[in-house]
Amino acid sequence: MTTARPVNPPPASAADPAAPFRLPDIPERHPDDMTSFKHLAATGSVHHLAQYLGHPDTTLVTGERYVVIRPTRNMAGSHYPDLLVAFDVNPDAYEERNGYVIDEQGKPPDFILEVASRHTARTDLNEKKDYYEGLRVGEYWLFDSEGEFYRFTLRGYQLEGDRYRPIPVEEISPGVFQGYSAALGLNLRAEAGDLGLYDPATGEHIPTFESQTARADTAEARADTAEARADTAEARADTAETRAETAEARVETAEARADTAEARADTAEARADTAEAQVEELQAELHRLREGR
């Protein structure tokens with residue numbers, strides 16, 4: 001089926017840069033549509049992805065505002081995604097317009113994701129897919145936590161030429177489905193009713209509040225352990241120094257005793273020499289006396 005590129009005629013004032021206007025807010029969400037909040041906002045996924053991608057001055061990670069080709073007040077036939085990612089764009093212009101205007105941003109969004117709900121499933125699978133294909137959005141993804149509304153859990157499309165082609169999604173373990181988003185450079189993984197974003201280089205989920213807290217706790221535990229080891233090493237060093245000082249004192253005492261003993265020995269030897277000399281003199285004198293008789 002050939003999809004016509006949506007056309008939104010500009011308002012009369014659109015050419016006047018001094019009179020910008022904001023696109024209208026999206027309609028009030030149907031209660032059944034709160035699945036996107038549950039799986040994106042409430043889990044912090046949007047914030048985590050924005051932090052991971054960085055460059056907030058040129059990268060948009062947002063959703064639930066209209067995506068149109070040019071400024072328009074007539075939103076008939078226009079759609080708004082649950083999650084939109086666009087690189088090398090102007091976030092300030094997005095805020096000023098209250099939506100994504102392709103002619104102003106200079107390019108279509110790179111990535112769009114819809115989360116299934118009973119109220120929007122049919123539109124997501126048909127009208128929105130055709131709409132975003134016509135806008136030449138780089139990738140279009142669909143997530144259904146239980147596979148209840150889409151009849152599948154995870155599916156992705158990548159623009160090739162002017163048509164969407166399916167992105168391979170594999171069941172990497174029972175009930176766990178994963179596909180690679182070239183736009184984000186991440187693996188999208190549907191597991192246990194949740195949608196996760198994984199770094200293919202490490203196999204790890206991108207940083208989250210919980211993982212950062214766990215890393216901080218681990219770092220603090222390592223620091224505590226290192227400090228305890230340092231305290232133990234210092235205590236051992238103090239003990240070793242004390243033992244060394246004691247050993248040195250004992251050595252000095254032993255050396256002093258040795259010096260004293262040597263001095264006493266020298267004195268005793270001198271006295272012995274003197275005594276021996278006296279004995280010899282007395283023996284000689286006695287000999288002379290005997291010879292004189």
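Tutor: Happy to! Let's begin with a word we will need throughout: two residues are in contact when they have heavy atoms within 4.5 Å of each other. Of the contacts in this protein with a separation of 6 or more, 61% are between residues 24 or more positions apart.

What you have is a predicted model, in which local features need pLDDT of at least 70 and side-chain atom pairs count only at pLDDT 80 or more, while totals for chains, interfaces and linings use all residues. Residues are numbered from 1 along each chain as its sequence is written, and side-chain values use heavy atoms, leaving out hydrogens and water. The pLDDT is the predictor's confidence in each residue, from 0 to 100. Its mean over the protein is 87, and 85% of the residues reach 70 or more. Residues 1-15 fall below 50, and this stretch has 32 contacts in the model beyond near neighbours in sequence. Where pLDDT is low, the predicted coordinates should not be read in detail.

The protein has six helices and twelve strands; these are DSSP runs numbered from the N terminus, with at least four residues of H or I for a helix and at least two of E for a strand. Two strands pair if DSSP finds at least two bridges between them.

Now look at the two neighbours of β3. On one side, β1 pairs with β3 in the antiparallel sense over three bridges, and threonine 62 stands opposite leucine 84. On the other, three bridges join β3 to β5 (residues 111-115), again antiparallel. Here leucine 84 stands opposite isoleucine 112, and valine 85 faces phenylalanine 111.

Next, the side chains of β3. Leu83 and Val85 point one way from the strand, Leu84 and Ala86 point the other way, and all of them are buried. Buried means under 20% relative accessible area, exposed means over 50%, and partly exposed is in between (1.4 Å probe, protein chains only). Across the protein, 35% of the 293 residues are buried.

That brings us to the cores. A nonpolar core is a set of buried Ala, Val, Leu, Ile, Met, Phe, Trp, Tyr and Cys residues joined through side-chain atoms within 4.5 Å. In soluble globular proteins, nonpolar side chains tend to be buried together. The largest core here has 31 residues, of which Tyr100, Tyr132 and Leu135 touch the most other members. Helix α5 gives the most, with four residues. Leaving aside neighbours within four places in sequence, Tyr132 is in contact with residues including His79, Tyr80, Ile112 and Tyr140. There is also a second, separate core of 20 residues, which includes Leu40, Leu49, Leu83 and Leu197.

Histidine 55, in the loop between α2 (45-53) and β1, has a positive phi of about 50° although it is not a glycine, and is exposed at 59% relative accessibility. Alanine 192, in the loop between β11 (186-191) and β12 (194-198), likewise has a positive phi, near 55°, and is exposed with a relative accessible area of 75%.
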